[in-house]
Amino acid sequence: MRVDRWFKRRAPTLALSHLAKICRKGEVRLDGKRVETSSRVAAGQTVRVPPLNVEAPKAPAVKRPGESEADARAIRDMILLDDRDLMVLNKPFGLAVQGGSGTKHHLDGMLQSLANERGDRPVLVHRLDRDTSGVLLIAKTRKMAADLGEIFRSRSAKKIYWAMVEGVPRPTHGRISLYLAKGEGMGDNRAPRKGRHGPEERRDIEKMRVAKHGDDDAQHSLTYYAVVDKLAPRLSWLSMKPLTGRTHQLRAHAEAIGCPIVGDPKYGHGEEDRRRRADANRNIPDGVENKLHLLARRLILPHPKGGVLDVTAPLPPHMQKSWDMFGFDASQRDPILDAPDE
């Protein structure tokens, strides 16, 4: 089990940001060694827990039967594949995967509606941004979640995303390799929401920034991309294959090559973007919905019980509308399949 989940079970009210801090300071030890929140605790190991100042947990809210049934029905409507070990869901636009500040309704909470008599419930294997649609993998047991998590960490899972972006990248296919770091308003660095920052400043500090190797918190990120079709010079349909899984990776990479994803509320709001949108020959055509045009299209990975899992998600309604508007054919061969796997 991950260290953060180990603590969550034993100290449910401990803030993850505080846990990350005491791990960084070396106050949490696993068999005497420093750990990160993502480190794994195995049976028989010794965890050093420093004194924790945590509030008494609140009494759990009583869920009305109708709420749980509605959540279970909603999840069943999302299912793309279901076997005894796992489910693959088609996550809709706008549904948060996990809770956070001000987020009460999310998929992780909805999964409680599928808990069995012992209280065991399905487990998230990976995550998507709230406004990203498409393929999401759910394990039915913690053992299966651990096995699938190892497949993701070993980069044996192939993920393919579709996006509609502003402009046409040059070259039309290539490799984006950058170091990314979290902004001031993200993660452990999260700044207070009120007082200090206006809406535009808030947006700037709540996005990933391009960093240099060696910078604090800088992590390498790598994505292959290919133009599938285009409405030059205004728009293009990109297929993208990330080989790493950094926060907002594809959104930050699209902005970095000068082609932000259509409908992105955080990325693509620089001076050049404003000039492009003011140009009648290069702006986004009328009728395109102002929603993030990013789809987790396909997931291919070895199934822990044997065989290969290969699942594809359909375009969400707002993207299907754009594809129809510009005559993009979703059935044509995806050129990203020719991109390397490393």
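Analyst: Contact means heavy atoms within 4.5 Å. This is a predicted model, in which local features need pLDDT of at least 70, side-chain atom pairs count only at pLDDT 80 or more, and totals for chains, interfaces and linings use all residues. Residues are numbered from 1 along each chain as its sequence is written, and side-chain values use heavy atoms, with hydrogens and water left out.

User: How does the radius of gyration of the protein agree with that of a compact globule?

Analyst: The radius is taken over C-alpha atoms, and the globule rule is 2.2 Å times the number of residues to the power 0.38. For 342 residues the rule gives a value near 20 Å; the protein has 21 Å, which agrees. Along the principal axes, the C-alpha trace spans about 60 × 45 × 40 Å.

User: Is Thr132 buried or exposed?

Analyst: Buried means under 20% relative accessible area, exposed over 50%, and partly exposed in between (1.4 Å probe, protein chains only). Thr132 is buried because its relative accessible area is 2%. Buried residues make up 42% of the 342 residues in the protein.

User: Which residues is Thr132 in contact with, leaving aside its neighbours within four places in sequence?

Analyst: Thr132 is in contact with Lys91, Pro92, Tyr161, Leu292, Leu294 and Ala296.
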